[in-house]
Amino acid sequence: MLQVTRIRDEKDKVLAGLRKRNLKEADLLIEAALDHDKERRRKQVFRDEASAELNVLSAKIGGLMKEGKKVEAEELRATISGKKEAIKSLEEEVKQEEARLQEVLYKIPNVPAEKVPAGQGADDNLNVHQHGALPSLPPDALPHWELIKKYDIIDFDLGVKISGAGFPVYKGKGAKLQRALINFFLDEAAGQNYREMQPPIVVNEASGYGTGQLPDKEGQMYFINADGLYLIPTAEVPITNLYRDLILEERDLPIRNVGYTPCFRREAGSWGAHVRGLNRLHQFDKVEIVQVRKPEESYAALDEMCAYVQGLLEKLELPYRKLLLCGGDMGFNSAMTYDFEVFSGAQQRWLEVSSVSNFETFQANRLRLRYKNKEGKMELLHTLNGSALALPRIVAAILENNQTAEGIRIPKILQPYTRFDRID
RNA sequence: GGAGAAGUGGGUGAGUGGCUGAAACCAACAGUUUGCUAAACUGUCGUACGGGUUAAACCGUACCGGGGGUUCGAAUCCCCCCUUCUCCGCCA
């Protein structure tokens with residue numbers, strides 16, 4: 001959520017930024033926010049003045065009571081009764097105006113960073129880096145959804161039986177490959193000074209609001225009605241919310257966490273031919289890196305996180321490209337996002353396996369995550385996160401790109417983790 | 001799940017209706033003293049919103065787990081919820 005003060009102080013910059021998102025109602029939203037903000041302040045003045053007046057009178061009554069002037073106190077008290085009602089209704093008006101402002105602010109996405117290109121959608125993303133030769137597979141190469149059957153390592157039918165579509169069962173070497181990847185990712189992150197965290201995979205409503213899944217995207221999360229809890233769509237939610245309502249010291253920073261969790265997404269209405277097999281699931285595994293940074297450091301941190309992700313992909317011997325997302329394709333909360341896509345040889349497609357974002361103060365504002373800067377002033381921190389990495393599409397690419405007549409070759413770096421070098 | 005107790009500022013903790021945004025101590029920060037460190041001493045030391053100012057100063061309102069209520073006035077009384085602790089029950 002943007003800070004109103006920022007909209008107030010930098011209206012033109014905010015608007016220019018939002019235009020890059022191709023957000024048609026940007027002007028309307030900003031004007032509405034400013035209107036509600038102005039009205040809110042106007043009403044607050046009335047309320048504050050009325051409360052101040054009552055406080056003075058109350059103190060006077062207190063004084064009179066102490067002096068034993070009961071009659072005078074009684075008289076004064078009689079004059080107050082109407083004022084209380086007035087304050088209550090003024091208070092109500094302020095709250096209403098605040099709620100209206102809030103509602104508008106929830107609809108305004110983050111302002112893209114300077115470097116983010118304008119654009120409508122995926123076609124306008126900038127390919128900023130590409131690495132690795134695309135695999136040349138024989139014409140009879142199989143897509144991963146065939147390979148998993150051929151080698152009996154991932155079973156969608158069994159998942160349907162016990163849970164539903166999009167909940168695969170990993171079997172034998174398939175299960176071991178999952179475990180190997182998770183351990184590999186966690187070990188790599190630990191080597192880069194990330195602290196490993198194991199958070200709950202259900203969160204309360206406040207956490208949903210903290211990182212911006214709520215109020216808009218509740219339809220994307222599984223909800224446990226009996227307890228009012230959401231299954232997390234990503235470890236970003238619990239790990240970032242660890243820092244909700246916190247005032248950090250400079251010495252606490254930077255914060256660099258990594259966590260593995262399963263992720264749950266309802267993916268309502270997003271199924272189609274292009275999401276076969278592992279391309280889209282309701283439950284999948286992901287290792288996530290999360291950083292909390294001082295504002296002036298956050299873009300250096302973003303670069304560092306990208307470099308880290310690139311290192312992982314290179315170690316896994318996967319051809320990948322790095323995209324700087326355009327305004328129109330960026331997530332609601334993000335100020336700047338790089339996507340990483342690996343090339344999946346048999347599908348002949350690029351698959352997104354990581355998304356690394358700087359949210360600047362957008363999440364911190366909702367989280368009330370601040371620190372005391374050098375001047376001793378409270379300042380919102382910047383939050384960042386990135387997948388490092390999401391498993392299913394990595395698995396898909398490994399299976400497809402490494403298929404041979406003798407079976408599927410396991411990347412060298414993973415072999416100590418799998419303790420086998422081939423799936424056959 | 002049942003019964004009881006408790007939740008106050010970064011920490012410990014005082015405060016049972018009015019002059020308490022909140023004692024005291026610790027921590028932190030700044031300074032004095034000091035060859036350095038330590039100790040001692042002095043001072044500062046909540047947040048949000050609003051008004052005000054070039055910027056400050058300054059002023060107002062709100063906040064003592066969260067929400068509601070009683071009252072002229074609530075950290076203090078009442079109700080609901082959450083959390084923690086103790087005992088019991090259950091159980092990986």
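This is a predicted model: local features need pLDDT of at least 70, side-chain atom pairs count only at pLDDT 80 or more; totals for chains, interfaces and linings use all residues.

Colleague: What is phi of N22 near?

Modeller: Near 65°. That is a positive value in a residue other than glycine. Most residues other than glycine have a negative phi.

Colleague: Is N22 buried or partly exposed?

Modeller: Partly exposed, because N22 has 16 C-beta neighbours inside 10 Å. The buried class needs 20 or more.

Colleague: Which other non-glycine residue has a positive phi, this time near 50°?

Modeller: E360. E360 lies in strand 13 (residues 349-360).

Colleague: Why does E360 count as buried?

Modeller: Because E360 has 25 C-beta neighbours inside 10 Å. The cut-off for buried is 20 or more.

Colleague: Now peptide bonds. Where is the cis bond with omega near 10°?

Modeller: From L214 to P215. P215 sits in the loop between helix 8 (205-211) and strand 6 (223-224).

Colleague: And which peptide bond is cis with omega near 0°?

Modeller: The one from A388 to L389. L389 is in strand 16 (residues 382-390). As background, most peptide bonds are trans.

Colleague: Switching to the RNA. Which residues come nearest to RNA strand B?

Modeller: S51, A52, S58, I61 and G62, out of 18 residues around RNA strand B. Two elements give two or more residues to that surface: helix 3 (26-67) and helix 4 (70-107).

Colleague: Which one gives the largest share?

Modeller: Helix 3, with 14 residues.

Colleague: How does the surface near RNA strand B split by class?

Modeller: There are 8 nonpolar residues, 5 polar and 5 charged.

Colleague: On to the strands. How many residues of strand 11 are buried?

Modeller: 4 of its 5, so strand 11 (residues 320-324) is mostly covered.

Colleague: What joins strand 1 to strand 11?

Modeller: 5 bridges join strand 1 (residues 126-131) to strand 11, and the two run antiparallel. Q130 stands opposite R321 there.

Colleague: In what sense do strand 11 and strand 12 pair, parallel or antiparallel?

Modeller: Antiparallel, over 5 bridges, with strand 12 covering residues 336-344. L324 has Y338 in strand 12 as its bridge partner.

Colleague: Last one, strand 14. Which residues are on the covered face?

Modeller: L369 and Y371. The uncovered face of strand 14 (residues 369-372) has R370 and K372. In a regular strand the side chains alternate between the two faces of the sheet.

Colleague: How do strand 8 and strand 14 pair?

Modeller: In the parallel sense, over 3 bridges, with strand 8 spanning residues 246-248. L248 stands opposite Y371, and Y371 belongs to the covered face.

Colleague: What about strand 14 and strand 15?

Modeller: Those two run antiparallel, joined by 3 bridges, with strand 15 at residues 378-380. R370 stands opposite L380, and R370 is on the uncovered face.

Colleague: How many residues are between the strands in that hairpin?

Modeller: 5 residues. In this hairpin of strand 14 and strand 15, G376 takes a positive phi near 80°.

Conventions. Residues are numbered from 1 along each chain as its sequence is written. Chains are lettered from A and ligands numbered from 1 in the order in which they are written. A residue is buried if 20 or more other C-beta atoms lie within 10 Å of its own, exposed if 12 or fewer, and partly exposed in between; C-beta atoms are placed from the backbone. Two strands pair if DSSP finds at least two bridges between them. A residue is near a molecule or strand if its C-beta atom, placed from the backbone, lies within 6 Å of it. Ala, Val, Leu, Ile, Met, Phe, Trp, Tyr, Cys and Pro count as nonpolar, Asp, Glu, Lys and Arg as charged, and the others, Gly among them, as polar.
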